[in-house]
Amino acid sequence: MSLTNYEDIVINQGTDVTIEVHLVHDSGSSLNLANRTVSAMMKRRYTDSANDPDSLQFTTAIASPASDGVLTLSLTNAQTDTLNPRGRYVYDVELSHLDSDSNTITQRVLEGHIEVSPSVTK
C-alpha cells in the first residue's frame, strides 16, 4: 500500500454522511486493520486548531472482520449543517498501532480536499 492516498470528497450540507474506505496493499490484498485505531479530521486550513469551530472530527469505525481492510468515516446532518459552503476544507485519515516495543506508530493513509455543496432546503 502506498503510504498516503489522495481523494477529493464532496459533502452535501445538512445531510448524514458515511464514507467507506477500502485499504489495500499495492499487491491488491486487503490491509489487516486488527489492533489498529483510526482517526480522521477535517479543517478549513492545515494550520487551524482542532478546537477551531470550523474543524470537525469524523466518527470512525473499523468494519468486521478487520482483515477486510474497511473503515468508515461519518458525520451527522447536524454536523454537516454547520459547514461553511464557501471555500474548501482539508482532511486526513490516520491509522495507529503499537509496535513490539510499545511505541505508537501513526501512518496517514488518506488525505485530500472537501468541497461542501450548499443546502437549499432547511
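Where is the place of Asn-35? Asn-35 sits in the loop between β3 and β4, where strands are DSSP runs of E with at least two residues, numbered from the N terminus.

## About the model

This is a predicted model, in which local features need pLDDT of at least 70 and side-chain atom pairs count only at pLDDT 80 or more, while totals for chains, interfaces and linings use all residues. Residues are numbered from 1 along each chain as its sequence is written, and side-chain values use heavy atoms, leaving out hydrogens and water.

## A three-strand sheet

Let's look at one sheet. Strands of a sheet pair through backbone hydrogen bonds, either parallel or antiparallel. Here, three strands form an open sheet in the order β3-β7-β6, with antiparallel pairing (two strands pair if DSSP finds at least two bridges between them). β3 (17–22) and β6 (59–62) are at the edges with a single partner strand each, so one side of each has no neighbour in the sheet. From one strand to the next, the twist averages 20°, taken between axes fitted as lines to C-alpha atoms, with angles running from 0 to 180 degrees between N-to-C directions.

β3 and β7 (residues 70–75) are joined by six bridges in the antiparallel sense. Val-17 has Leu-75 in β7 as its bridge partner.

## The nonpolar core

In soluble globular proteins, nonpolar side chains tend to be buried together. The largest nonpolar core here has 25 residues, and Met-42, Phe-58, Leu-71, Val-93 and Ile-114 touch the most other members. Such a core is a set of buried Ala, Val, Leu, Ile, Met, Phe, Trp, Tyr and Cys residues joined through side-chain atoms within 4.5 Å; buried means under 20% relative accessible area, exposed over 50%, and partly exposed in between, with a 1.4 Å probe and protein chains only.

Val-93 is worth a look: leaving aside residues up to four places away in sequence, its contacts (heavy atoms within 4.5 Å) include Val-38, Leu-71 and Val-109.

Most residues other than glycine have a negative phi, and most peptide bonds are trans. Asn-35 has a positive phi near 60° without being a glycine, and Asn-35 is exposed, with a relative accessible area of 75%. Ser-102, in the loop between β8 and β9, has a positive phi of about 65° and is exposed too, at 56% relative accessible area.

The peptide bond from Ser-64 to Pro-65 is cis, with omega near 0°. Pro-65 belongs to the loop between β6 and β7.

How values were computed:
Helix = DSSP H or I, 4+ residues; strand = E, 2+ residues; numbered from the N terminus.
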